[in-house]
Amino acid sequence: MPELPEVQTIVNQLQNLRGRKINSVDIILPAVFGGNEKDIIGEEIRGVERRGKTIVLKLSNGKFLTIHLRMTGRLVYNKTDKINKDKNPITGELPNKHTRAIFGLDKGTLFFNDVRKFGRIKIMSDTQWAMDNQKLGPDALGKEFTEKYLAETCRGWKRPIKLLLLDQEKIAGIGNIYANEILWCARINPRESASVLVRQAPKIVPIIRTCVIKVLREGIKYGGSTSGDRSYVDLLGQPGGMQEHLNVYHRTGKACPRNDGGIIQKSVIGGRGTFFCPVCQG
Ligand SMILES: [Zn+2]
């Protein structure tokens, strides 16, 4: 599932489309789309931002086009024509049977593909977007994600700390891959209660925050992570490279990269695969 680093990679690439005009909108699967496509036809892409795991396009009429990729969504840009016959080895020819929406621009085409159909594209007014935005916690790479905020949030969270990292209403942007990596970085057992942890060791708070920022920035540096299902690709249909730099995620049975004698184990917390080293995260 695309998380903050994958979405940021796409948002960085989308900056090149500022100034492009939306000439046509073809909604192939109405369930993925919210709003009236007439509201965006003829409008120009003025700005591109990320909020948590959401891609936000600001249009010339003040509307927002928000795109959430969820599990298997992909946003792929083809700069030449409507049909991409290059047969990219990962995306194949576009459009294809998984294409759910097509945005024809004055130069090039944006394809929204989604195998599992959980992704969502919505047209919103500024007030609608502001309301949606309010439901999210501070962005994990934003100024509001301070040590003070993190300490307070941990104190009020009795359940495993891993579930706190995954809760978008508390911290926006972290998903399962990076939550596992952040806890390894901070040498914390994923099952540990956040409130007990910060009560017993208050000095852990700045370490967690540093690890959140370090791990997510590393994910962006390598263009996001494309795991075994090869689900994530960037705007140009290319895989990321972060999977080569993961320390615990999907590394069950391998030696801990700290060479502490630990072997990476897998358990399940909140229904999500959880990977950790029993030695340095014991
Ligand atoms: Zn270890």
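Modeller: A cavity here is a set of grid points where a 1.4 Å probe fits but cannot get out. Please keep in mind that this is a predicted model.

Biologist: How many cavities of 30 Å³ or more does the search find?

Modeller: The search of the whole structure finds two, and the largest cavity has a volume of about 60 Å³.

Biologist: Which residues line the largest cavity?

Modeller: Among them are Met 1, Pro 2, Met 71, Ile 177, Asp 229 and Tyr 232, and by class the lining has five nonpolar, four polar and one charged residues.

Biologist: And what lines the second largest cavity?

Modeller: That cavity, with about 40 Å³ of space, is lined by Ile 22, Ile 45, Leu 57, Leu 65, Ile 67, Phe 103, Leu 105 and Leu 110. The lining has eight nonpolar residues, with no polar and no charged ones, and strands E5 (64-68) and E9 (99-105) each supply at least two of its residues.

Biologist: Switching to cysteines, which ones form a disulfide?

Modeller: Cys 185 and Cys 211 do, with their sulfur atoms 2.1 Å apart, and the link is left-handed, with -75° about the S-S bond. Cys 185 lies in helix H5 (residues 176-185) and Cys 211 in helix H7 (residues 204-221), so the pair ties together parts that are 26 residues apart in sequence.

Biologist: Are those two buried or exposed?

Modeller: Both Cys 185 and Cys 211 are buried.

Terms used: Residues are numbered from 1 along each chain as its sequence is written. This is a predicted model: local features need pLDDT of at least 70, side-chain atom pairs count only at pLDDT 80 or more; totals for chains, interfaces and linings use all residues. Side-chain values use heavy atoms; hydrogens and water are left out. On a 1 Å grid over the protein atoms alone, a cavity is a set of points where a 1.4 Å probe fits but cannot get out, and a pocket is an open set with protein on both sides within 12 Å along at least five of seven lines; lining residues have an atom within 4 Å of a point. Grid points are joined across faces, edges and corners, and a volume is the space filled by probe spheres set on the points. Ala, Val, Leu, Ile, Met, Phe, Trp, Tyr, Cys and Pro count as nonpolar, Asp, Glu, Lys and Arg as charged, and the others, Gly among them, as polar. Helices (H or I, at least four residues) and strands (E, at least two) are DSSP runs, numbered from the N terminus. A disulfide is a pair of cysteine sulfur atoms within 2.5 Å. Buried means under 20% relative accessible area, exposed over 50%, partly exposed in between (1.4 Å probe, protein chains only).
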